Each structure stands twice: as structure tokens, then as C-alpha cells.
Amino acid sequence: MRVICRRQWRRGFTFPRSLLIVLACCSGLAVVCAAIAVKAEYAFGSGLSPFRLIFTLTSTTTAGFILLSWSALYFGIKYYQAIEAERHRALSAEKSARESELRALRYQVHPHFLFNTLNAISTLVIEGDKDAATAMISRLADFFRATLEERTAEEVPLQDELFLTTQYLEIEQLRLGDRLRVEIAVNPALLTCRIPHLLLQPLVENAIRHGIAPRRGPGLVSIEARKTQDKLLISVKDDGLGKQSRGGGHNRVGRGIGLTNIDKRLRELYGNSARLELIWPSNGGCQVLLKIPYCEDALRSSESR
């Protein structure tokens with residue numbers, strides 16, 4: 001029966017053809033098995049009555065039920081394995097599509113940032129500040145070398161993300177000089193916490209581009225990170241022009257590439273467990289507040305121990 005069932009399964013088990021074939025084979029084998037069993041009992045048993053039709057029918061029914069049950073169990077197991085294999089293929093395809101979309105969203109940051117930085121470099125060249133332009137090109141090369149070097153994971157430790165953001169801030173400070181002040185307040189215990197790669201840089205870029213650069217006089221960009229229960233709270237705040245330069249309202253995500261990109265990536269990575277809030281303080285400026293699940297970098301933690 002195993003050979004018969006396997007052949008029918010490999011052919012696709014077309015109903016009702018395959019079912020009829022299995023039933024016919026079970027019936028034929030049941031008759032053969034029952035005949036052999038009765039003959040064996042009659043030949044080797046003691047005190048048995050002669051071969052009787054009623055006993056043969058009973059044995060045939062029992063043997064047929066056993067064979068049919070075995071066949072049903074075989075096809076049941078095969079069907080379950082097929083469903084599991086299809087589920088794993090679907091999950092793998094979904095995971096691959098999700099990773100592709102995340103990579104596409106992440107890589108959008110590079111041309112967006114590159115475009116803005118090249119504009120700043122061209123402005124410095126036009127103004128005749130060649131030294132600052134040369135230094136900015138060098139910082140730009142360092143930044144892209146760091147972002148493209150061994151960055152296949154979607155999440156990185158917070159300290160690595162802060163390092164990239166600091167490199168970006170060095171580029172902007174070359175352009176803005178004393179007009180840009182930066183404050184970073186992060187608990188050292190949170191440095192191993194994992195966050196999406198290239199999360200902070202677009203937020204800081206928005207704060208500088210829309211809040212600090214258009215205003216007169218110096219401006220402040222602050223980066224804070226703290227833990228509350230099972231969430232990591234990340235805040236990027238500026239004291240710039242606020243709604244005057246960006247538009248929008250409370251808790252409304254703007255249409256810029258940076259915030260839209262981050263909002264999509266958070267939904268793809270964490271679903272409803274993450275949240276992005278855009279807050280407009282009454283005294284001006286803008287604050288972006290991120291709430292993401294707290295996840296410590298286990299590898300770094302184990303190495304430190």
C-alpha cells in the first residue's frame with residue numbers, strides 16, 4: 001500500500017480517480033490477506049471448523065479497514081507536510097519581500113542625504129571657502145564608508161548609530177559653524193540597545209535643514225534616549241522656526257522623505273509596537289519622539305561579560 005499511495009501522491013492525488021484506485025487496492029489486498037489468514041488458521045490451528053464464508057467476510061472487512069485506515073493516515077501526514085512546506089515557503093517569500101522593502105527604504109536615505117550635502121559643498125565652493133569644502137568632502141567620504149561597511153542588518157547598536165550621526169553633525173558644523181550647537185544625552189547603559197540602521201541621521205538632518213539653517217543666529221539640536229518599561233524613547237529636538245518652515249500639525253508625520261521613510265520602516269519592523277510622534281512645542285522648534293521596543297544587543301552584552 002505504501003508503494004501505491006506514494007505513486008498516487010506523486011501524481012497529484014486527483015479526486016476521485018486516486019481515491020477509487022486506493023479503495024480498489026485496499027479491497028483486493030484485504031481479500032488476499034483474509035484468505036491467507038484463514039488458511040493459516042485452518043492449517044495450523046487445532047479444533048478449527050472448516051473454511052466458512054462468513055468468517056472470510058469478517059476477516060476481509062477487518063483487513064480492509066486496517067489498510068484503508070493506514071492509507072488515510074499516510075495521505076493525512078503527506079497533506080500536513082505539504083501544508084507546512086507551503087507555509088514555510090510563504091513565510092520565506094514574505095520575509096524576503098519585507099527585507100527587500102526595508103533595504104529599499106533604507107537606501108533612500110543615501111541619495112537624499114548626498115543631494116543635500118553636495119548642495120552644501122557647492123555653496124562653499126561658490127563662496128570661495130575651499131578649505132571647508134575639502135573638509136566636508138572628506139567627512140562625506142568617511143560617512144558613506146561607515147554606512148556601507150558591513151551593514152546588512154536592519155538593526156544596529158545605538159552607539160553605532162550615534163557614531164554615524166556624529167559624523168554627519170561634523171559635516172553640518174563645517175557648513176554652519178557656530179550657528180549649530182549639539183547636545184547628546186544618552187544613558188551609557190542604553191548604548192547596546194538595538195535600533196533601526198540610519199534612524200537618527202534623517203531626524204537630525206530634518207532638524208538642521210528645516211529648523212536651524214533657516215533661522216538667524218545659533219540654534220540647538222538635542223538628542224536624547226531613555227528607557228521606560230519595555231520601550232526605548234528617542235527624542236530629536238531643535239529650537240528652530242518650527243511650523244513656519246515645515247508646516248503640519250501636532251502628531252502629524254510630514255511628507256518629507258526622511259520622516260515618511262522612518263515611519264514606514266518602523267511599521268515594517270515592529271508593527272504596532274513602535275510609534276513616531278511629531279510635536280510642536282509652544283515656544284517654537286520641533287520635536288520628533290520615537291517609541292520602539294527595547295532590545296539589547298545580546299552579542300555585545302555577552303562579549304562585555
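I count Ala, Val, Leu, Ile, Met, Phe, Trp, Tyr, Cys and Pro as nonpolar, Asp, Glu, Lys and Arg as charged, and the others, Gly among them, as polar. The model is predicted, so I take local features at pLDDT of at least 70 and side-chain atom pairs at pLDDT 80 or more, while totals for chains, interfaces and linings use all residues. I number residues from 1 along each chain as its sequence is written, and side-chain values use heavy atoms, without hydrogens and water.

**Pocket**

The lining divides into five nonpolar, three polar and four charged residues. Among them are F115, Y168, E172, R175 and R209. Which helix gives the most to this lining? I find α4, with five residues. α6 (158-176) and α7 (200-212) each supply at least two.

**Cysteines**

I count zero disulfides (sulfur pairs within 2.5 Å). C295 is in none; the nearest cysteine sulfur, that of C193, is 6.8 Å away. C295 is partly exposed because its relative accessibility is 34%, in between buried (under 20%) and exposed (over 50%), with a 1.4 Å probe and protein chains only. C286, at 1%, is buried.

**Rings**

I note K227 over the face of Y294, at 4.2 Å from the ring centre. The rule asks for NZ of Lys or CZ of Arg within 6 Å of the centre and within 35 degrees of the ring normal.

How values were computed:
On a 1 Å grid over the protein atoms alone, a cavity is a set of points where a 1.4 Å probe fits but cannot get out, and a pocket is an open set with protein on both sides within 12 Å along at least five of seven lines; lining residues have an atom within 4 Å of a point. Helices (H or I, at least four residues) and strands (E, at least two) are DSSP runs, numbered from the N terminus.
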